[in-house]
Amino acid sequence: QKIMWHGAGPLRTEAGLQQAADERRALVNQLEEIALARQTHFALSLVEKLEAANMLKLSEAILIGALHRRESRGAHVRLDYDDQSGTPYSSKFVLNDRRQWSMEEIPLHIASHEGGK
C-alpha cells in the first residue's frame with residue numbers, strides 16, 4: 001500500500017510510477033519465495049498469500065494504466081505533464097490466461113444537454 005500511495009497516488013510522475021513498478025516486481029519475487037504456514041519464520045497462511053498476490057496483480061494494472069495516461073484527469077495529477085488530452089477515454093483491462101494484462105483505450109462520447117431542448 002505504501003508503494004502504491006507514494007508512486008501511484010493522486011500526484012504522479014513517470015519516475016515515481018516506474019519506481020513503484022520496480023518495487024512491486026520485487027515484492028512479487030519475494031512473495032513467490034515465502035513459504036506457507038508450516039514454517040516458523042516468514043510464513044503466511046494460504047489466504048494471506050493469495051490476498052497479497054491479488055493486491056500485487058491489481059497494483060500492476062493500476063501502474064500500467066497510470067504510466068500510459070500522460071495527462072491529469074480527475075483527482076489524479078501527472079506532475080510531469082501539463083494538460084489533459086483533447087478526447088477523454090476509459091481504459092479496458094483484460095487479464096489473459098498467462099496472467100498478463102492488455103489494455104484498450106475506449107473514447108468517451110459525452111453528449112451535451114441543453115436544459116429542456
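Which residues is Arg78 in contact with, leaving aside its neighbours within four places in sequence? I will come to that after a word on the model itself. What you see is a predicted model, in which local features need pLDDT of at least 70 and side-chain atom pairs count only at pLDDT 80 or more, while totals for chains, interfaces and linings use all residues. Residues are numbered from 1 along each chain as its sequence is written, and side-chain values use heavy atoms, with hydrogens and water left out.

To the opening question, then: with contact meaning heavy atoms within 4.5 Å, and with neighbours within four places in sequence set aside, Arg78 touches Arg12, Thr13, Glu14, Leu17, Ala66, Leu67, Arg69, Arg70, Glu71 and Ser72. Arg78 sits in strand β2, residues 77–78, where strands are DSSP runs of E of at least two residues and helices are runs of H or I of at least four, numbered from the N terminus. Its relative accessibility is 2%, so Arg78 counts as buried; the cut-offs are under 20% relative accessible area for buried, over 50% for exposed, and partly exposed in between, with a 1.4 Å probe and protein chains only. From that position, the side chain of Arg78 reaches the backbone oxygen of Ala66 at 2.9 Å.

Stepping back to the whole protein, there are 3 helices and 4 strands, and from the N terminus on the elements follow the order α-β-α-α-β-β-β. Of the 117 residues, 25% are buried, and among contacts between residues at least 6 apart in sequence, 42% join residues at least 24 apart.

Let me turn to the loop between β3 (89–95) and β4 (101–107), which is where Arg99 lies. Most residues other than glycine have a negative phi. Arg99, although not a glycine, has a positive phi of about 60°, and its relative accessible area of 44% makes Arg99 partly exposed.

Finally, how many aromatic pairs does a search of the whole structure find? The search finds 1, and in that pair the rings of Phe93 and Trp101 have their centres 6.1 Å apart and their planes at 90°, so the arrangement is edge-to-face. The rule is that rings of Phe, Tyr and Trp (its six-membered ring) pair if their centres lie within 6.5 Å, with planes under 30 degrees apart counted as stacked, over 60 as edge-to-face and the rest as tilted. Both partners are partly exposed, Phe93 at 29% relative accessibility and Trp101 with a relative accessible area of 23%.

Definitions and conventions
A polar contact is a pair of N or O atoms within 3.5 Å; within protein, one must be able to donate a hydrogen and the other to accept it, and residues adjacent in sequence count only if both atoms are side-chain atoms.
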